[in-house]
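I opened this notebook to record what I looked up, entry by entry, for someone who has not seen the structure before.

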Amino acid sequence: MANNNNMQQHLPAPPPSAAMAEFYNNLPQHFENLFLNGDFADTDDDDRENQNYRSQPTCWVFGYGSLCWYPGFEYDKCITGYIRGYNRRFWQGNTTHRGTADKPGRVATLVEDKEGITWGCAYRICGQTALDYLKQRECTLGGYTTVDTKFYPRVASYDAAFGGEALPVLVYVANKDSEHWLGEDRLENVAKQIVECEGPSGHNAEYLLRLATFMHEEIPEIWDEHLFQLESLVLGELRKRNIPLWSVMGRNRDRIRRDSHEEIRRPPSFEFTSRVPERKLRCLNI
C-alpha cells in the first residue's frame, strides 16, 4: 500500500515539449505505452531529481545478445530478468560487426515460442540519442525490427518498479525477410561458422563467449541449453584449431552495475518464485 500511496503523490507530468513530441513520432504507435515521463519508478536521490531529467521521456530496452555485455549507449539503470514467448537462437547473420559479406558471422535473435523464456537485462534509457544509436546498430546495420513485450525482473525489491511484476520493454528481433537471416542449422555447423568469422567489431567467438559469461556470472541458476551447447562446441573448436582464447576475446569492456536495487529486495511475487528458487543471488559484473 505504501508504494501505491507514493505513486499517487507524484505530480502530474508536464505537457510534452517539442523534443518529446519528436521522440514519440519516431516510434511506432503501439510503443506509446512504453514511455512514462519519469513516473515509471521512484527515481534515485542523485541527479535524477533535476528538472532536465524529469522532462525527458524514458523507456526500457531489453538486451539478450551483445547488449548484455556491451550496450554502447548511456542509460541510468540496468536490471536482469526475462521475457516470455521467445527463445534465444543464433540464427541471424551479421556482416557489419561480427562477420563480413563473404563470411557472415552468427549473432543472437529471438524466435517465437509460447512456452519460451529468454533471460537477459533491461536498460532504462532517457531521450532520443540512445534510440537513434540502437536504430542504426540493430535495425539499419543488423536487420532487426522492434517489438514490445513484458519484462520480469529477476530480483524483487521494495522499489515500486522492481517487485517482480512485469515491465513494458522495447525488444529488437531479427526480421526473417532480411538479407541477414540465416535460420536454423546443426549446432556443430553454427559453432564452426562462429569460430571462422570476424568483423569490424571483433571475433564472432567473442560475441558468443561474452554472452555465455554474462549468463554464468549474472544469472548462474539458469540453464540456457542452446547458448551453453554452442559455448562448449566453440571452445572445443578453438582448441582443435589451436586458436588461443585470448586472441578472439578482444579488449575487456567496462563493468556494468546491474541490479543495484538488490540491497533492498523484498519477497518476490508468486509468479516470480515459480521461476527462481529461493537463494541468495550474486551479481558479478563483467
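Predicted model: local features only at pLDDT ≥ 70, side-chain atom pairs only at ≥ 80, totals over all residues.

At what angle do the axes of helix α5 and helix α7 cross? I then found that the axes of α5, residues 187-196, and α7, residues 225-240, come within 9 Å and cross at roughly 55°. The two helices are therefore oblique to each other, and I recorded their crossing as right-handed.

I next looked up which residues make this contact. On the α5 side I listed L187, E188, V190, A191, K192, I194 and V195, and on the α7 side H226, Q229, L230, L233, V234, E237 and L238.

Most residues other than glycine have a negative phi. Is N242 buried or exposed? With a relative accessible area of 70%, N242 is exposed, because the cut-off for that word is over 50%.

Finally I turned to the protein as a whole, whose secondary structure comes to eight helices and seven strands. Buried residues make up 51% of its 286 residues, and the accessible surface comes to about 14300 Å², with 48% of that belonging to carbon and sulfur atoms. Among contacts between residues at least 6 apart in sequence, I noted that 78% join residues at least 24 apart.

Methods. Residues numbered from 1 in each chain as written. Heavy atoms only, no water. Axes fitted to C-alpha atoms, helices over the stretch in contact; angles between N-to-C directions. Helix = DSSP H or I, 4+ residues; strand = E, 2+ residues; numbered from the N terminus. Parallel < 35°, antiparallel > 145°, perpendicular 65-115°, else oblique. Left-handed = near helix turned anticlockwise from the far one by under 90°. Contact = heavy atoms within 4.5 Å. Buried < 20%, exposed > 50% of the residue type's maximum accessible area, 1.4 Å probe, protein only. Areas by Shrake-Rupley, 256 points an atom, 1.4 Å probe, with all protein chains shown as cover.
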